[in-house]
Amino acid sequence: MSLQIPSIKLCDESKMPFLGLGTYDSLDENELSTAIKAAINSGYRHFDCAYFYQNEQIIGKAIHESINESNGTLKREDFYIVSKCWNSFHSKEKVSECLDITLKRFGFDYLDLYLIHWPMGFKEGGSDIPLDENNQIIESEFHYIETWKAMEDLLQQGKVKSIGISNFNIEQTKEILDNCKIRPVCNQVEVNPYFQNRELVDFCHKENIRIVAYAPLRSTTYTPQQNWVKPENLVPQENPHVVSLAAKYNKTPAQIILRWLIQRDIVVIPKSVTPSRIAQNSQIFDFELTEEDMEVFKTMKTGSRINHFEGAKHHKTYPFKNE
Ligand SMILES: NC(=O)c1ccc[n+]([C@@H]2O[C@H](COP(=O)([O-])OP(=O)(O)OC[C@H]3O[C@@H](n4cnc5c(N)ncnc54)[C@H](OP(=O)(O)O)[C@@H]3O)[C@@H](O)[C@H]2O)c1
């Protein structure tokens, strides 16, 4: 039996389910479709997607099938569908085009939340990662403030219900706040026991911007071709503190980590294509870590981010320059 997954209120008065299913790097149609349906059966309604992940069509089809097979118990409005505008779509026209492609792939006429995936514009009209002859990413002239204004327009057109940002650092977030008509409801960034990102989390929380934690289990697949993710084998699920808390609460290490995040009012979007893990990751609302056990995480030796997008580090608005 799946428990109802609680939601958190956003600054635009809408609600976001505390748990969503991450979908990056899931490209096998059967596997992903099975995962989406397993998630729906476990009570997930929030799906974290992106134009860049190239799998929105599979996700949309699985959700439509679930709605059709539900005998009226499931409707589009029950879901919380998130996608992200990719870096090579940062001009006003392209933001709208990127969303239209995403909506078409899903077969939906609106999204619940649309994010700027990264604060970096790439050359438009070509490949998703346009490279010059030296294998350097080619930038576009479009600044993220312009992209944000286009996001505000989409909201006004009713194509998206909320708008937010992802991978923005404190200065970049402040710049959005200083130049916006509509505030971002969230900043989706990496947060896990070994990259706690506390300064940014505290800043956003003070500004009433929700944090959505990506790579909450820090287990992102390492893809050397993209030079995207650090091949560190620091797995917080093996941390002795986490392992001992798991034994104490009769939960798994993954559940302890996800619970630690939601108790800090951080939304989590663990990715899994394994139905048993998908179910396991949803069983985090029936127990509570004591304050003392929450404190244990502060003592953990934290390292650097795992998702650093090294290939983009020369970009003028690369967000992790100061690390
Ligand atoms: N905004 C951004 O730039 C950005 C960047 C990165 C990620 N994201 C989003 O955040 C989501 C989550 O991040 P992520 O995929 O990088 O990393 P993650 O969720 O921390 O880790 C996913 C990995 O953990 C495994 N896993 C899941 N549940 C588990 C459990 N209970 N026990 C053991 N292993 C478990 C999964 O394996 P199996 O699938 O094999 O079960 C998968 O290999 C992404 O899918 C994406 O939607 C956004």
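A residue is called buried when its relative accessible area is under 20%, exposed when the value is over 50%, and partly exposed in between. By that rule D265, with a relative accessible area of 38%, is partly exposed. The structure discussed here is a predicted model.

**Backbone: residues with positive phi**

- Most residues other than glycine have a negative phi.
- The position of D265 is the loop that runs between α8 (253–262) and β10 (267–268).
- N71, likewise not a glycine, has a positive phi near 55 degrees.
- N71 belongs to the loop between α2 (56–68) and β5 (80–85).
- Because its relative accessibility is 75%, N71 counts as exposed.

**Helix pair α1 and α2**

- Helix α1 (residues 29–41) packs with α2 at an angle of about 45 degrees, and the two axes are 9 Å apart.
- That angle makes α1 oblique to α2, and the crossing of α1 and α2 is right-handed.
- On the α1 side the contact is formed by E29, L32, S33, I36, K37 and I40, which meet I58, I59, K61, A62, I63, E65 and S66 of α2.
- Sorted by class, the contact of α1 with α2 has seven nonpolar, two polar and four charged residues.

**Helix pair α3 and α4**

- The axes of helix α3 (residues 92–106) and helix α4 (residues 144–156) come within 8 Å of each other and cross at roughly 50 degrees.
- At this angle α3 is oblique to α4, and the crossing of α3 and α4 is right-handed.
- From α3, the residues K92, V95, S96 and L99 meet E146, T147, A150, M151, D153 and L154 from α4.
- The contact of α3 with α4 comprises five nonpolar, two polar and three charged residues.

- Helix α8 is largely enclosed by the rest of the structure, because nine of its 10 residues are buried.
- The buried residues of α8 are A254, Q255, I256, I257, L258, R259, W260, L261 and I262.
- These buried residues pack against α6 (198–206), β9 (210–214), α7 (240–249), β10, α9 (275–282) and α10 (291–296).

**I163 and E152**

- I163 is part of strand β7 (residues 160–166) and counts as buried, at 1% relative accessibility.
- Apart from residues up to four places away in sequence, I163 touches L113, Y114, W148, M151, E152, L155, I182, R183, P184 and V185.
- Between I163 and L111 there are 52 residues of sequence separation and a C-alpha to C-alpha distance of 9.6 Å.
- E152 is located in helix α4 and is buried, with a relative accessible area of 2%.
- Setting aside neighbours within four places in sequence, E152 contacts I163, C180, K181 and I182.
- E152 and L27 are separated by 125 residues in sequence and by 31 Å from C-alpha to C-alpha.

**R45**

- R45 occupies the loop between α1 and β4 (46–48).
- The relative accessible area of R45 is 24%, so this residue is partly exposed.
- R45 lies 171 residues from P216 in sequence and 18 Å from P216 in space, C-alpha to C-alpha.

**Cysteines**

- A disulfide is a covalent bond between the sulfur atoms of two cysteines.
- The structure contains zero disulfides.
- For C85, the closest cysteine sulfur is that of C98 at 4.4 Å, which is too far for a bond, given that a disulfide requires a pair of sulfur atoms within 2.5 Å.
- C85 counts as buried, at 0% relative accessibility.
- C180 is likewise in no disulfide, and its nearest cysteine sulfur, that of C11, is 9.0 Å away.

Methods:
Residues are numbered from 1 along each chain as its sequence is written. This is a predicted model: local features need pLDDT of at least 70, side-chain atom pairs count only at pLDDT 80 or more; totals for chains, interfaces and linings use all residues. Side-chain values use heavy atoms; hydrogens and water are left out. Helices (H or I, at least four residues) and strands (E, at least two) are DSSP runs, numbered from the N terminus. Buried means under 20% relative accessible area, exposed over 50%, partly exposed in between (1.4 Å probe, protein chains only). Axes are lines fitted to C-alpha atoms, for helices over the stretch in contact, and angles run from 0 to 180 degrees between N-to-C directions. Angles under 35 degrees count as roughly parallel, over 145 as roughly antiparallel, 65 to 115 as roughly perpendicular and the rest as oblique. A crossing is left-handed if the near helix is turned anticlockwise from the far one by less than a right angle, and right-handed if clockwise. Contact means heavy atoms within 4.5 Å. Ala, Val, Leu, Ile, Met, Phe, Trp, Tyr, Cys and Pro count as nonpolar, Asp, Glu, Lys and Arg as charged, and the others, Gly among them, as polar.
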